[in-house]
Amino acid sequence: MLDEDVRDALLGELAERTPPPVRGGLAEVVSRGRRRRRTQQAGAVLAVVAAITGTAVAAVAVGGPNAMPPAGPGPTVTSAPWPQADLPAHTPYGTWTPGETAPPPAGRPVEATPLCSIPDTSGRMVDTVRADADLRQRMTDAVHAVAGAATVGALVELHSRASRPGQVDAYTYTADVADAGGTGSVVFSIGTFTGDPLAAADEQAFDEFNCDPPRRQALDDGTVLQIYATYPSEPFQSLAQVLRIYRPDGTLYMVTVRNFGSPDLATNPDQPENPERVGAGRPTLPLSEAQLADLGLAIADH
Amino acid sequence: MAGFDKEFADFYSARFAVAHRTAYALCGDWVEAEELAQAGFVRLYAKWPRVVGGNADGYLRTVITRLFLDTRRRGRAREHPVAEPPERSGPASAETARVDERQSLLAALLRVSPRQRATLVLRIVHDLSIEQVADVLRCSQGTVKSQLARGMRTLREAYQDAETVDRSVRDVG
């Protein structure tokens, strides 16, 4: 068979095959693409972390949160004692379905979460700053206080240098949180925003594929805290819940609780700063929403 | 819809079917092919302002090919080339029967290693030059030539094996 014959035969066969109906669509592509573009603006680390897990940025300081029991196995249903922001809900474009190439472990129920498009964030500045040793220690202490009986690992800094003009270096801080339900993690970093805290919170209220407005708490000093609903993402139906804190001085703290931790990551020889995700993680988040709210109040009290 | 998204939507509508089919040539599975194509368009969207004025088709083709090779390297979508065609569990549909009236070159292609298969698809299906294939696969032109030669040999052998089996079945029947 000549090369030309092979080409003709292959093209002919491809043309004859009838693909099944497509499950995804343009809306999903655009939504995922926007999210990818946003995270790329924050540097390679944020891009990878956010694309895979929906991680956001955060920082924590020591406060006086009351220790609460760990979430443990089973759904983390304890809600933050905050009302939802007074914003209209968005209309879902679809429902979460796991990818065929990295599905959740056998027996783990699929989270049929409604998904909504995120806003266009291409014009938004997404930067992070490095936490000094004092702040890193306060982050660690705050997680210990909130996590109760759970084991909290060392806080690990990940620094991603800007790889091209227009990018900025990115810093994230991650600590494992483990209990009888398995190992998850908490990710922190510190960024900035412009304008009024409430306006910024409104602008970013639907940044996490959420359809309902986030739960929100405004403090006397003008600080605004908001917690987004837990949402699943690829691979392995990863779970993440994000808290953002908008301080009057323009500092943006973000905390993400994830259902996986360092045991689920492997070294990536090609890109050491971007570890490979190899494990599915625990079935639920290691902190409840109420515990995450307490973590937010600890930051706001600082 | 903003102009940015409108341009992208038009491109998506015009190109998705082709991307889906060529991804199918790489992986041999429609569901995975859709995931590869979708993931390729997601990456394209993120780069759209810089790509739209240039070679968006080339960027999409490159991304899908590299995504396919990444999945094979990571073993997430494990692929086991089989020596024997799978048994049919029931009457073939009219479409399947039509396609299977002669030997399937696509099925034979799945017995070529992923790297060589990607080389063949880029060179034969996409009709790229040796130099262009080398750019997509980030390797030398010499490597492309050797991969092509080995891939074609494996493809021909797999195709001939299937043809022999098919003739035997017809003779017996």
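## What "buried" means here

A residue counts as buried if 20 or more other C-beta atoms lie within 10 Å of its own. That cut-off will be handy below, and please keep in mind that this is a predicted model.

With that in hand, look at strand S10 of chain A. Ser238(A), Ala240(A), Val242(A), Arg244(A) and Tyr246(A) point one way from the strand, Leu239(A), Gln241(A), Leu243(A) and Ile245(A) point the other way, and all of them are buried. S10(A) covers residues 238–246, and because 9 of its 9 residues are buried, the strand is largely enclosed by the rest of the structure.

## Chain A as a whole

Stepping back for a moment, chain A has 6 helices and 13 strands. Its 302 residues are 46% buried. If you take the contacts in chain A between residues at least 6 apart in sequence, 71% of them join residues at least 24 apart.

## The partners of S10(A)

S10(A) pairs with strand S11 of chain A (residues 251–258), antiparallel, through 7 bridges. Within this pairing, Ile245(A) has Tyr253(A) as its bridge partner. The two strands make a hairpin with 4 residues between them, and in its turn Gly250(A) has a positive phi of about 90°.

Strand S9 of chain A (residues 231–233) also runs antiparallel to S10(A), and 3 bridges join the two. Here Pro232(A) sits opposite Leu239(A). This hairpin too has 4 residues between its strands, with Phe236(A) taking a positive phi near 60°. Then there is strand S8 of chain A (residues 224–227), which pairs with S10(A) in the antiparallel sense over 4 bridges. In that pairing, Val224(A) stands opposite Tyr246(A).

## An enclosed helix in chain B

The buried residues are Gln116(B), Arg117(B), Ala118(B), Thr119(B), Leu120(B), Val121(B), Leu122(B), Arg123(B) and Ile124(B).

As a reminder for reading that list, an α-helix has 3.6 residues a turn, so residues three or four places apart point the same way. Just after H6(B), you will find Asp127(B) with a positive phi of about 60°.

Conventions. Residues numbered from 1 in each chain as written. Chains lettered and ligands numbered in written order. Predicted model: local features only at pLDDT ≥ 70, side-chain atom pairs only at ≥ 80, totals over all residues. Buried ≥ 20, exposed ≤ 12 C-beta atoms within 10 Å, placed from the backbone. Contact = placed C-beta atoms within 7 Å. Pairing = 2+ DSSP bridges.
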